[in-house]
Amino acid sequence: MANRATQTEILQGTLDMLILRTLAAGPAHGHTIAHVIGRRSEEVLLVEHGSLYPALHRLEDRGWITSFWGTSENNRKARYYRLTATGRKQLNVETSRWERVVRAVNQVLRPAQS
Amino acid sequence: MSWRRFVRRTYWDVERSREIDSYIEIETSDNIARGMTPADAESAARRKFGNPSLVREEIYRMNTVSWLESIAQDVRYGARLLMMNPGFACVAILSLALGIGANTAIFQLLDAVRLRSLPIVNPHELAEIKIIGGSRGLGVNEEYGEVTRPIWQEIRRDHPAFSDVFAWGKQQFGVGEGSDMQLANGILVSGDFFRSLGVEPWRGRLLAGYDEHACPETTAVVSHAYWQSKMGGREIDPDTKLLINGELHQITGVTPPPFFGMVVGEHFDIAIPYCEPRELSRNLFAVSVMGRLRPGWTLENASAQLSAASSAIMTATEITGYAANTIEKYRNFRLAAYPASAGVSRLRNTYDSALWLLLAITGLVLVIACANLANLMLARASTREREIAVRLALGAARIRLFRQLLVESSLLAAIGAGLGVGLAQWLSRILVLSLSTENDAVMLAMSTDWRVLLFATGVATLTAILFGMAPAIRASGADPVIAMKTAGRGISAGHGRLSIQRVMVVTQISVSLVLLVGALLFVRSFHNLMTFDPGLRKKGITLVNLGFRKSNILRERVNEFRRELVEEVRSVSGVRSAASTSMVPLNGGSWGHNIRIGVAEGTSAFTWVSPAYFETMGIPLLAGRSFNEKDSGAAQRVAVVNQTFIRRYLKGANPIGQIMQTQPEPGYPSTAYQIVGVIPDTKYDNLRGGTPAMTFAPAAQFPGTGPWTSILVYSDQPPAVVIDSVKRRIAKTHPEVVTQFRIFETQINDRLVRERLMALLSGLFGVLAAVLGMIGLYGVISYIVTSRRNEIGIRVALGASRAEVVGMIMREAGLLLAVGLAIGTALPLAASRGARTMLFGLKSSDPLTLATAIGLLVGISAVASFVPARRASKVDPMDALRSA
């Protein structure tokens, strides 16, 4: 139980970033977002739908994305999400933070060879 | 957590559900495209998504304000529980409604009398200018009058501390003429009165500066109430006129409904402007001066300025016709500013302490009711042990349970308070009605303003905590294992629960004792006042007030005319005796003069009476003689004095023949009176208070020449008959004379309204408290019996007799009672000081009253505990032991 929890926490912050990145390419609905993240990460990051929709709700509440009802590829009604200007700024912030973290972790894992 | 999301959480839930549904549809069609059958496609899609309810729940939770949600849950649960136990709910809500309602009603009255500001613009700026210490009996003082007209004129000329000043005085107006004349509550006002107060006219225009001119005044303004009731609400035009005090006045306008004047508890009917007579009286203190403080000026600054200006003002308005030392006293008067945002009020002065005391009493009754409720809830909690144990076992936090129980009691308190506020409207109106008497109608607008609501809310909260806390703590602190094992029988943890109940019963008994003692004290006090012998006749006396302005009697003949009127009344059949007096006794009015007799100096009350006065009022003559026809206007001035006079000024020497000299006053030149008789002490203006030195002089020698007189009529016939006969006789012989009748005893009793109210209400609440306390005692003793059933069964099985069982239970009860009484006896002695001024004829530590109250409580307690005790003695030992 505890393990899953920590995993979810870490993933929550990164999930927000991944969603924003996916929407940077253009509006999409929930199903597509999950699909894209899964395919781009070569099925390493499989988004649980239980966390996707709460994350979308949270992002929308913070004003980083907005939503509208539209028609999907196969002519079905679906809720589309779009990145806002603030969202775009937030994406840059999160991305740079992520890169800093990754670099730091790598430096620890592979001690500097000088 | 955002409020925006909270209020629209249902909307969002629907949106997200639709979104989830649309996702599943898309996935399903994708799966069909991949080649699955429609059924498989859908189940695969659902499986891939996971649990939609969980997702919806998580989103919903993100949208809620969690604590608000759970409190709403608690409230719903509590409401459901109450509906399942309607009996308990009714009892609880009813007792709460009564308790909180009574408290709120009293507070509402207090609010109206003392706390509320006048319905004018910026009432907090208002201040009243008064003489420090009052006029100290100097001159003629009218009700609410603080200064004279000349003083007012000086203030009006120069008032640096005030941006606006205005003056007013209370007076009774006669409206209409002859036998149609009706009395109206009037005020005389200065030109700036309405403008300074910011009162806008409801119709027409209100009085302005130019309405003040040489006498007689010609304009007037009526109040909204008077306009509606006595003038039919007809539109005001230049022809609208009223005959006021014998002069025609044009009614220029009507004041708005909320404005009732400056006196809280009284409504004015007509306002007329001051007029400028040829000469202004310098010793008539009938004017109240008020003003708005200038911005930046405080009361202290204003008082300082007034004090500095006083000397000049007093010298400019110096009184004449008095002795030198009296004039000196006048010159040393100092003026100061006092807060006036709540107006002035005789009602307030009379009832202030009574109302606070009543509030304390109702508060205590509420405490007793709460203790009963707490016991009730404790009993209920024991039946819910199982439920609570299950919840605890399932993982509920104790705090959560505690909060839920507290919410339940708060729910009860809230409903009770809501009903109570409604009840209070009704109760407070009844209270106000009971304060009114025939002569003095009390007019107070009762409104539920924010102060009253705040008070009710505060009381309700306190109540909820009081009776909800103990059961909540006890219930949520239960050990679930023990509770589930012995659930339903309620014998577990018996001692803990019992000790709280014992404490509460002891508290109830002690508070009941305090309230009973208080009630008895007030009832006996009232009885003392009603049966008190003031030294003069109360029964069978009718008062006739006559006004003969229209008779146009010459000043020199006024006393003669008065004598004629007395003779006329005396000759009416059925009248045993009649006499005139310049001051009706026991009516609050007083009149006195400074005198010098021998080397002694001081004041004495002065009353001018016709010869039959002492006989009419049943006052015996102790020495010397009463007045007769020889004591006419031209003869030597004579006087009859009372024993206090002799004690104070003559040190017990023989008074007959001694001469006293009065100091001069305008209209009352210095006169030498020879004492010819002595009467015993009687009460003067009030049933309470001591007897002053009193001097009686013959009516034929009365210097006062106003066209009125008061005649006291003694008759064996019923008052209605007497009034009718006298009225008809006067109408026949002097039709232009205006008459007003009062039954003397009723008039005296009407002044006891406050005492009657206190006796009634404290008696009511005392009884209520005792009843509630006894219910509490009964409940606890019953509980003791139930919890000790096993023990009783064993005792009976081992051979104890019924009497022994009863005795055992009664001893328990007796112990509780004794402790409660002991505490209760100590309390009144501490709290009694506040009530001392209201009692009459007994001290607050009166032992007889205490003993009676204790006796009463012991008596009812014996009954209350005997019933369960007897039930205990009937316990079948086999039953008791088997159900253990």
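**Exercise 1.** Find which residue in strand 11 of chain B stands opposite Ile129(B), and which in strand 12 of chain B.

*Solution.* Ile129(B) faces Val289(B) in strand 11 of chain B. In strand 12 of chain B, Ala337(B) stands opposite Ile129(B). Strands here are DSSP E runs of at least two residues, and helices are H or I runs of at least four, numbered from the N terminus. The model is predicted: local features need pLDDT of at least 70, side-chain atom pairs count only at pLDDT 80 or more, and totals for chains, interfaces and linings use all residues. Residues are numbered from 1 along each chain as its sequence is written, while chains are lettered from A and ligands numbered from 1 in written order.

**Exercise 2.** State how strand 1 of chain B pairs with strand 11 and strand 12.

*Solution.* Pairing requires at least two DSSP bridges between two strands. With strand 11 (residues 288-293), strand 1 pairs in the antiparallel sense over four bridges. With strand 12 (residues 335-339), the sense is antiparallel over five bridges.

**Exercise 3.** Determine the relative direction of helix 2 and helix 4 of chain B.

*Solution.* Take the axes, lines fitted to C-alpha atoms over the stretch in contact, with angles from 0 to 180 degrees between N-to-C directions. The two axes come within 10 Å and cross at roughly 150°. That makes helix 2 of chain B roughly antiparallel to helix 4 of chain B (angles over 145 degrees). Contact means C-beta atoms, placed from the backbone, within 7 Å. Among the residues that meet are Trp12(B) and Ile20(B) in helix 2, and Val55(B) and Tyr60(B) in helix 4.

Terms used: Parallel < 35°, antiparallel > 145°, perpendicular 65-115°, else oblique. Contact = placed C-beta atoms within 7 Å.
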